[in-house]
Amino acid sequence: MRTILTALSCALAASAPALAHEPLSWNGSQFEVLLDADESRGSIGIFTETVPAPAGPPVHVHHDADEILYLLEGEARVLADGHESNLKTGELAFVPKGAEHTFRVTSKEGGKLLIIVTPAGFEGFFAQVAAKGLKLPEDMERINELAADYNMRNIAPPLSAE
């Protein structure tokens, strides 16, 4: 499998704000669910993640969902299925279900991603870990217990700054 990197010139987020949920903060990032499983009959989840400084999540895998990472602001490095790509604003990476992956926003001023998962469900994970006050990396065991409910598992630390 390979990561697909391409320019995307559509306004996916333009109609979504009417459905937007309350933003929430977790692990230094801000998340806003734009469309969840209930609203899409389980077919698609869409959310944004604003990363305030160079950072990103641990390497992880979604066992049941494909994921699209569309960079709205900044620059990022994406690792998917052993392949690295550099994204600029307006570019995306496709991550097929079962592929180990992560991203790291590399812009010193941070960045913002639009993340799409299909089928829906994973978008609810962040509300769960935030509500329980869990932190990375110290609560990784408990985070992985909750992640299992979303068919996801963290498997390695985040990408380094390199």
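Modeller: Gladly! Let me start with a cut-off: a residue is called buried when its relative accessible area is under 20%, exposed when that area is over 50%, and partly exposed in between. Please keep in mind that this is a predicted model.

Biologist: Thanks. Why is Ser29 called buried?

Modeller: Ser29 has a relative accessibility of 9%. The limit for buried is under 20%, so Ser29 counts as buried. Ser29 belongs to strand S3, residues 29–35.

Biologist: And what makes the pair Ser29 and Glu49 a polar contact?

Modeller: The side chains of Ser29 and Glu49 are joined at 3.1 Å, and the cut-off for such a pair of N or O atoms is within 3.5 Å. Beyond its neighbours within four places in sequence, Ser29 is also in contact with Leu24, Thr50, Val51 and Pro52.

Biologist: Let's turn to charges. How do you know that Glu84 and Arg77 form a salt bridge?

Modeller: The N to O distance between their side chains is 2.9 Å. A salt bridge needs a side-chain nitrogen of Lys or Arg within 4 Å of a carboxyl oxygen of Asp or Glu, so Glu84 and Arg77 qualify.

Biologist: Are the two partners buried or exposed, or something in between?

Modeller: Arg77 has a relative accessible area of 9%, so this residue is buried. Glu84 comes out at 47%, so the label there is partly exposed.

Biologist: Which residue forms a salt bridge with Arg142?

Modeller: That is Glu145, with the closest N and O atoms 3.1 Å apart. The count of salt bridges comes to 2. Glu145 and Arg142 both sit in helix H2, residues 140–148, where they are 3 residues apart, about one turn of the helix.

Biologist: Why are Glu145 and Arg142 called partly exposed?

Modeller: Glu145 has 41% relative accessibility and Arg142 has 34%.

Biologist: On to the strands. How do you know that S6 and S11 pair?

Modeller: Pairing asks for at least two bridges. Strand S6, residues 66–73, and strand S11, residues 111–118, have 7 bridges in the antiparallel sense, so they count as paired. In this pairing, Glu73 stands opposite Lys112.

Biologist: What makes S6 and S9 a pair?

Modeller: Here 4 bridges join S6 to strand S9, residues 91–95, again antiparallel. At least two are needed, so this pairing counts as well. Glu67 stands opposite Val95 in S9.

Biologist: Which residues touch the most other members of the largest nonpolar core?

Modeller: Trp26, Phe122 and Phe125 do, in a core of 30 residues. Setting aside neighbours within four places in sequence, Trp26 is in contact with residues including Phe31, Phe126, Leu134 and Ile143. Apart from that core lies another of 7 residues, among them Leu34, Tyr70, Leu114 and Ile116.

Biologist: Finally, how many helices and strands does the chain have?

Modeller: There are 2 helices and 12 strands. Along the sequence, the pattern is β-β-β-β-β-β-β-β-β-β-β-α-α-β. Of the 162 residues, 43% count as buried. Among contacts with a separation of 6 or more, 69% come from residues 24 or more positions apart.

Technical notes. Residues numbered from 1 in each chain as written. Predicted model: local features only at pLDDT ≥ 70, side-chain atom pairs only at ≥ 80, totals over all residues. Heavy atoms only, no water. Core = buried A, V, L, I, M, F, W, Y, C linked by side-chain atoms within 4.5 Å. Buried < 20%, exposed > 50% of the residue type's maximum accessible area, 1.4 Å probe, protein only. Contact = heavy atoms within 4.5 Å. Polar contact = N/O pair within 3.5 Å; in protein donor to acceptor, adjacent residues only side chain to side chain.
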